[in-house]
Each structure stands twice: as structure tokens, then as C-alpha cells.
Amino acid sequence: MVTNSLGRPLPEHFFGKTVHPYQDPYNRKPVGNHATRPLRRHNPGDKKLLGNLRKAIEASGLRSGMCIATHHHLRNGDALLNLVVREIDNLGLRDIRIASSSVHPVHAELIPFIKKGVISGFECGVNGLIGEMVSRGELDCPIIVRTHGGRARSLITGEVVVDVAFIAAPSCDCYGNMNGFFGPSACGSLGYAFTDAQYARCVVAVTDNLSAAPVTPVSIPQSLVDYVVEVNRLGDPRKIVSTTTQITRDPVGLQIARYAAQVIDASGLLRDGFSFQTGAGGISLAVAEQVRRMMSQAQIKGSFGCGGITGYFVDMLEEGLFRTLFDVQCFDLKAVESIGRNLHHQEMSADTYANPFNAGAMVNLLDCVILGATEIDVDFNVNVNTESNGYLLHNTGGHSDAAAGAKLSIITAPLLRGRLPIIRDTVTTVTTPGRTIDVIVTERGIAVNNHQQELKEELIRRKVPVRDIHELREEACRITGEPHPIEFTDEVVALIEYRDGTIIDAVRKVKE
Amino acid sequence: MEIVRKAQAGTMQSSDLMVFLEPAPQLRLEIDSTVKKQFEHLIRKQAESVLQRFSITSGVIRISDRGALDYAIAARLETGLLRACADQRTSS
């Protein structure tokens, strides 16, 4: 057992991987070169189009013990990962690891294949039932949760070798040129798949919209694609929107959004050139709406919006409030529609978005990001992975990446969720270190991290309700009562990897 | 007071609870909750104090909680008791 700099106990090894304990957000230096893969040659007349998925898997050379990847731009509407795993099982392959960019509740269909030994581990975080069952010890399947930037990093450094990437390609030609903009399964940006296309040892484009060559605009070019295969349906884009992507109408949420907007206003960052990221949750969008009003009123011309893009950001682009959107993932169909026609709505790879080990990720240029939290501790550490019942239920997404990059990282969260106090002495799991978090905004007050002393004084001067984080914690517990801690066994079922590849926390099996 | 008929109170919404009551020879309090691991002890304490205040010594009381705070637990249980007990004046 080892302990990282946040005091979290970690195993020394996890299923063959040596655990490097987390130290701090900025100082781990990469060594060595980019990962490589075999060269290939395609002569004129050589065909890439294969008859079906089974033939593509056979042609790819996938064998038992190898690793596959898909992207999650269709989110809970994705049909491809389930389809691929069924075919892998039909071919009799076993002990396959999944290194997709994320896994959603729809992929609970994989559970029988995990039990059967077809799937033996996840090199990525999971949303939903798989994580819960792993937490209960009902599934034997190690999970390493990665941030979006961290996943790109792990492929680029070669820490994770993807043997075959199956890329859902909503528009694709028979030579492998593709984009995500058009077709019945259009998902917009293919940002997460870019790294797979460049680093997987074999790249299979899977499409339900085989179009005349060449497909343009080219997001991922033919020169990176080994095989092309048709399927009936990649998925259902209407299910991209898996959670609420409407501005909240809950008065608690709206109060939080007003406070958050006051923090942004007080920060001095809201001026020409302002860059901004929010998630797609109801409170985040309410903050975006407030920022939009402030920018319109003061005639501020922002530089860019970033991350997962919603229709609200599309509106702000079209109103001239931002010059550009950098889009790693479209969060709704309005964003999908925009990226296909607006040159200033730029597709961006996960590497460019958030990888800490390149010559500078987009998150480094962010002024402000609005993020959520399941729990926050009095040192400002944030948990988004496990729920208060101890189950691993959520992937990290770009949370830690954007927090590390932005000048001002604001966590918006209600002080209570049902009976659960959100601010705790310690969080169940650390996802994002407190050093990269600047402000916590709740409906009952705002806590400012010590390294933002100037901002704190400015907020107090403006009579915004600044509170000590310990005070907020006590107020929450006065209302809810002191909860019994969740009990865990010693068995580690998942690791939470920080964006630089160090381990920030371990998830243990819950004692039932 | 005495529980003489079946009754219920509350909703299944988040932050609320349902209370189900029925007559029985002995007193039994069953608690199910989305936050059972963290808060069963406090839910039980609150429910028991209400039952004591109403001098309930028999009946089955089932609480299906969705993360309600103490005051909501007291209010829902009181309403349920008024509906289930003999000296209730208004019908439910």
C-alpha cells in the first residue's frame, strides 16, 4: 500500500499496472516519444470495404487478450460497442479490454459478456450499472477511470495500446474518409476518435451512411483508416441528449447560477477575449445564460467557447459573443447541425482539447469553466465519480482537465441533494484536486479557495455572500444530520487516474 | 391513539417519503430509503419520536424514503397516523 499527496491509500499494483501516486497537478514530466504503430501500404485498386462486421474483426487481426476502442459521441444512443462485442463473442474471442472514450448506461448490455469472460477490463470510466455492479463485487472487471485529456495521453504515450479502433462514422466513403456531421446517425464532432485513428494499430470505420467518395469535409482522412464496413444503424442521435440540457427552473439552481455569474463578474476576466466552458447540466446552462446577458449588455466580444458544445453556445457564437467554438463533442442536435455548416464552429480532438502532455492544450487558454460535483471536501477536492452510496457511477469527462487549465474554475452545486450534504470533511473519491478549484458556489453561499485571496476580497467588497467552507459544511450537516460513513472492504475495484497518468484515488468494493 | 385502518401519506418524489400504516397486534417500524446506509438511524429516531408522541403501541408502519429531511418525515408520519387512527375526525 502507498499513499499519494492527498493522503489517499493506493495499491502498489493494479492488474499488472504499476501505480504512480498523484503528486501535484502540474509537475509530472513525460519521458520518451510518441507511441508508434506498424506502417502499412495500400496500392491502387486495393479494397478496404468489407462485407460485414465479422469480416472486419477477422481482417483486423483481433485476438483474445487484445484491446478495442470506440468513441462515445452518440452517448446513450450508441449501438456500435454492443454490436462489436456480440460479434467478438461469436468469433470465440475472450479476455478483451475496452478502452473506449466512455461507456454509457446503454452498454449494460455488455454485462453478460463480462460474466462470460469476453470482456475482462475497462481502460476507461463507465457510466451506470457496470460500475455499480463492480462496486458491489458482482462483476469481476477492473476499471481505470481516465479524464478525456488523460485518455488521449494514455494512447499517445503508449500506456494504453488500442489494437483495433472501431470508429462510428456517420458519413463515410469506401476508402475511409469520414465526418460526423451528416447522415441518419450524425453526432457532430468526432473529437474523441481522432486519437484512436492516429494511434490504434488497426482502424475500422463503421458506417450506416456509405457515401460516394470522397466524403467531405474530411474529419478523419482515408490515410488513417484500414477497413470500412457497413451496418444497419450506428445508433440513435436523439439519445445524445441523455440528461437535461435545459436551463434549470429550480429556484435553488437559479440562485446558484446568479451567484456564479457574480463571481465571474468580480473576477475581472469578463472582458474582450473572454473564453468559457460549461457542461450541459441545468445549472451550468443557467450560468451561461447569465454570462450571455452580461456580455450583450457590456458589448463584450469573447474569443472562444470550449469543450462539449450545446445549442446555447451555438446561439452565443451566432450572436457574435464568441468568435469560435472548439468542439470535442456535441451535446445536442443544435450543436450537431451547427458544426456541419459554420466554419467558426471548429471540431477539436481530445488531444488538442485537454492532453497535458502535448505542446499546449486548449484548456490552458480557458478563462473560466463551470463544473459540477457529487461531493466536495473542505480542501476543495471534488468527487464526480462515486455517489455517496460508494458506487462508481460516473465517468470523469473533462472535469479535471478543464479545472487544471482554466484561470477560474467554479464548482456549482446545491448544498444538499435530498438528504445528502454535498460538502464533506472528506469526499468518498477524489476526482479533481482542490488545488485546481477556485470557487465553490452553493445556494447558501460561496467558498473561495485560499489561493484566490484577491477575488475573495473583491467578492466581499461587492457584498456577495462569501462563507468559510467549514461553515458551509456545518450548515449542511445541521440540516441533514450527521450521516453514517459508507463502509468499504480493502478490495480495490477501480483506479481514478489523474490527467497526467498518476493515480489520484482508488475505488474499493462496498461492504453490503 | 391506535391504528385501526390502513392508510398512507406522502409521495415518491425525491426529497419526500411515503408512509404506509396498517393495524397489527405488535408495533413494527420498517424503513427503506435511498440513503438507508447513511441515515437509517436518524430516520428511525425521528419516526420513533413521532410514534411516541402519538402514543402508538401497535401497528405496522412502513416508510419508503427518498431522502427526506426530518421535518418532512414528521409531517408525513403525522398525516398518516391521523388517517389511520380511531379518533380521526375528517375522512381521508
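Modeller: This is a predicted model. In chain A, the centres of domain 1 and domain 2 are 31 Å apart, taken over C-alpha atoms.

Biologist: What makes domain 1 and domain 2 of chain A, and where are their bounds?

Modeller: The bounds come from a domain assignment, which gives 48-123 + 160-240 for domain 1 and 251-486 for domain 2. As for how they meet, 20 residues of domain 1 are in contact with 16 residues of domain 2.

Biologist: How do you know whether the radius of gyration of chain A agrees with that of a compact globule?

Modeller: The rule is 2.2 Å times the number of residues to the power 0.38. For 512 residues a compact globule would have a radius near 24 Å, and chain A has 22 Å, so the value agrees. The C-alpha atoms of chain A fill a box of roughly 70 × 55 × 40 Å along the principal axes. Chain A has 14 helices and 29 strands, and 62% of its 512 residues count as buried.

Biologist: Why is His72(A) called buried?

Modeller: Buried means under 20% relative accessible area. His72(A) has 3%, so the word buried applies. His72(A) sits in the loop between strand E6 (67-69) and helix H2 (80-90) of chain A. Not counting residues up to four places away in sequence, His72(A) touches Ser101(A), Ser102(A), His104(A), His148(A), Tyr192(A) and Gln329(A).

Biologist: What makes Val382(A) buried or exposed?

Modeller: The cut-off is again under 20%. Val382(A) has a relative accessible area of 0%, so Val382(A) is buried. Val382(A) belongs to strand E21 (residues 382-383) of chain A. Leaving aside neighbours within four places in sequence, Val382(A) has contacts that include Gly372(A), Ile376(A), His399(A), Ile411(A), Val430(A) and Ile437(A).

Biologist: How far apart are the C-alpha atoms of Val382(A) and Val430(A)?

Modeller: They are separated by 5.8 Å, although the two residues are 48 residues apart along the chain.

Biologist: Why is helix H9 of chain A called largely enclosed?

Modeller: Helix H9 covers residues 311-318, and seven of its eight residues are buried, so the rest of the structure largely encloses the helix. The buried residues are Gly311(A), Tyr312(A), Phe313(A), Val314(A), Asp315(A), Met316(A) and Leu317(A).

Biologist: What covers the buried residues of H9(A)?

Modeller: The cover includes helix H8 (282-298), helix H10 (333-339), and strands E15 (276-278), E16 (302-309), E17 (322-330) and E18 (345-347) of chain A. After H9(A) comes Gly320(A), with a positive phi near 80°.

Biologist: Now to the other chain. What pattern does chain B follow along the sequence?

Modeller: The pattern of chain B is β-β-β-α-β-α. The globule rule gives 12 Å for 92 residues, and chain B has a radius of gyration of 12 Å, so chain B is as compact as a globular protein of that length. Its C-alpha trace spans about 35 × 25 × 20 Å along the principal axes.

Biologist: How many of the residues in chain B are buried, as a percentage?

Modeller: Buried residues make up 45% of the 92. Of the contacts in chain B with a separation of 6 or more, 77% are between residues 24 or more positions apart.

Conventions
Residues are numbered from 1 along each chain as its sequence is written. Chains are lettered from A and ligands numbered from 1 in the order in which they are written. This is a predicted model: local features need pLDDT of at least 70, side-chain atom pairs count only at pLDDT 80 or more; totals for chains, interfaces and linings use all residues. Side-chain values use heavy atoms; hydrogens and water are left out. Helices (H or I, at least four residues) and strands (E, at least two) are DSSP runs, numbered from the N terminus. Buried means under 20% relative accessible area, exposed over 50%, partly exposed in between (1.4 Å probe, protein chains only). Contact means heavy atoms within 4.5 Å. Domain bounds come from an automatic or database domain assignment.
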